[in-house]
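Have the structure open and follow along.

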Amino acid sequence: MIIEPRTIPWKDAYKLLIGSVLPRPIAFVSTVDHEGRANLAPFSFFTCISADPMLICFAPMVRGSDGAKKDTLKNIEATEQFIINIVSEDIINQVNECATEYPYEIDEFIVSGLKKEAGHKVNIPRVKESQVHLECTLYELHHYGSHPGSGSLVIGKVELINVADHLYEDGKINTNKLNPIGRLAGQSYTRAISDTFILNRKKSGDSK
Ligand SMILES: Cc1cc2nc3c(=O)[nH]c(=O)nc-3n(C[C@H](O)[C@H](O)[C@H](O)COP(=O)(O)O)c2cc1C
């Protein structure tokens with residue numbers, strides 16, 4: 001099958017995209033609006049860019065239902081700060097709950113029952129139940145259209161990483177204990193550490 005994305009409806013293109021690029025990590029993004037009201041939502045179009053400066057990015061799409069900007073993006077434009085709360089299996093149901101399109105003023109911390117803890121460096125609440133938090137300031141913002149199907153790229157500079165003490169071992173994160181969840185297509189998810197294997201790599205110069 002050969003498909004040119006521009007020749008098919010965006011919802012069909014989206015299905016091919018999320019069925020091709022997977023498993024995807026989940027950024028559970030906390031933000032606040034201009035009045036300080038909190039918002040929490042998951043984004044699996046999420047990855048890292050560089051370690052120095054430490055940059056990450058995620059991509060909120062335009063809301064498919066009504067063409068509106070997602071609350072997360074509106075808040076980041078207003079405050080230029082956000083926190084990425086890393087998703088372990090024990091909070092995946094609450095994460096899913098926070099993907100519901102609630103009205104702008106609704107605080108998904110309250111809806112989901114997740115607890116707030118103040119950020120260390122940014123004026124944003126983090127999810128207490130998450131075991132790793134990336135506290136970010138907005139580094140760059142790019143928009144790729146304003147119609148349903150299009151999206152934006154939020155690049156964040158990680159100002160502080162908060163790792164739960166029991167996960168932090170010899171400067172690394174014990175990923176077995178973290179038990180992160182990845183997103184597949186549609187409503188499917190995967191346990192990232194359930195079927196891992198080791199692959200040795202030949203050394204030539206600095207490894208990435
Ligand atoms: C696991 C998961 C991953 C998601 N990833 C994305 C994503 O990468 N981009 C996006 O625009 N929406 C994504 N969504 C949908 C948003 O979470 C949803 O539109 C949410 O209502 C946005 O909330 P907000 O308007 O409060 O920002 C995802 C939903 C789930 C459950």
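Predicted model: local features only at pLDDT ≥ 70, side-chain atom pairs only at ≥ 80, totals over all residues.

Start with strand E9 (residues 132-143) and strand E10 (residues 152-163): eleven bridges join the two, and they run antiparallel.

The peptide bond from Asp-52 to Pro-53 is cis, with omega near 5°. Pro-53 belongs to the loop between strand E4 (46-51) and E5. You'll find another cis peptide bond between Leu-22 and Pro-23, with omega at about -5°. That proline, Pro-23, is in the loop between helix H1 (10-20) and E1.

Now move on to strand E2, residues 27-32. Is this strand open to the outside or enclosed? Six of its six residues are buried, so E2 is largely enclosed by the rest of the structure. The cut-off behind that word is a relative accessible area under 20%. Both faces of E2 are covered: Ala-27, Val-29 and Thr-31 are buried on one side, and Phe-28, Ser-30 and Val-32 are buried on the other.

Which strands pair with E2? One is strand E3 (residues 38-43), which pairs with E2 in the antiparallel sense over six bridges. Within that pairing, Thr-31 has Asn-39 of E3 as its bridge partner. The two strands form a hairpin with five residues between them, and in the turn Gly-36 has a positive phi of about 90°. E2 is also joined to strand E6 (residues 81-86) by four bridges, and these two run antiparallel as well. On that side, Val-29 stands opposite Ile-84 in E6.

The ligand sits in the largest pocket. Two elements give two or more residues to the shell around the ligand, namely E3 and helix H2 (71-79). E3 gives the most, with four residues. In total, 19 residues surround the ligand, and the closest are Pro-42, Ser-44, Met-61, Lys-70 and Thr-72.

A ligand oxygen lies 2.8 Å from a polar backbone atom of Pro-42. At Ser-44, it's a nitrogen atom of the ligand that comes within reach, 2.8 Å from a polar backbone atom. Over at Met-61, a ligand oxygen is 2.7 Å from a polar backbone atom of that residue. How much of the ligand's surface does the protein bury? Taken alone the ligand exposes 650 Å², and the protein buries 92% of that.

Let's finish with another sheet. This one is open and has three strands in the order E1-E13-E14, with antiparallel pairing. Strand E1 (24-25) and strand E14 (189-191) stand at the edges with a single partner strand each, so one side of each is left without a neighbour in the sheet. Strand E13 (residues 181-183) is joined to E14 by three bridges, and the two run antiparallel. Look for Ile-181 here: its bridge partner in E14 is Arg-191.

Step back from E13 and you come to Asn-179, in the loop between H5 and E13. Asn-179 has a positive phi of about 50° although it is not a glycine. Helix H5 itself covers residues 175-178 and includes Thr-175. Thr-175 counts as partly exposed, at 42% relative accessibility.

One last stop is Asp-170, in the loop between strand E11 (168-169) and strand E12 (172-173). Asp-170 has a positive phi too, about 50°, although it is not a glycine. Is Asp-170 buried or exposed? Its relative accessible area is 79%, so Asp-170 is exposed.

Definitions and conventions
Residues numbered from 1 in each chain as written. Heavy atoms only, no water. Buried < 20%, exposed > 50% of the residue type's maximum accessible area, 1.4 Å probe, protein only. Pairing = 2+ DSSP bridges. Near = heavy atom within 4 Å. Polar contact = N/O pair within 3.5 Å; in protein donor to acceptor, adjacent residues only side chain to side chain. Areas by Shrake-Rupley, 256 points an atom, 1.4 Å probe, with all protein chains shown as cover. 1 Å grid on protein atoms, 1.4 Å probe; cavity = no way out; pocket = protein on both sides within 12 Å on 5 of 7 lines; lining within 4 Å. Sits in = over half its atoms within 2 Å of the grid points.
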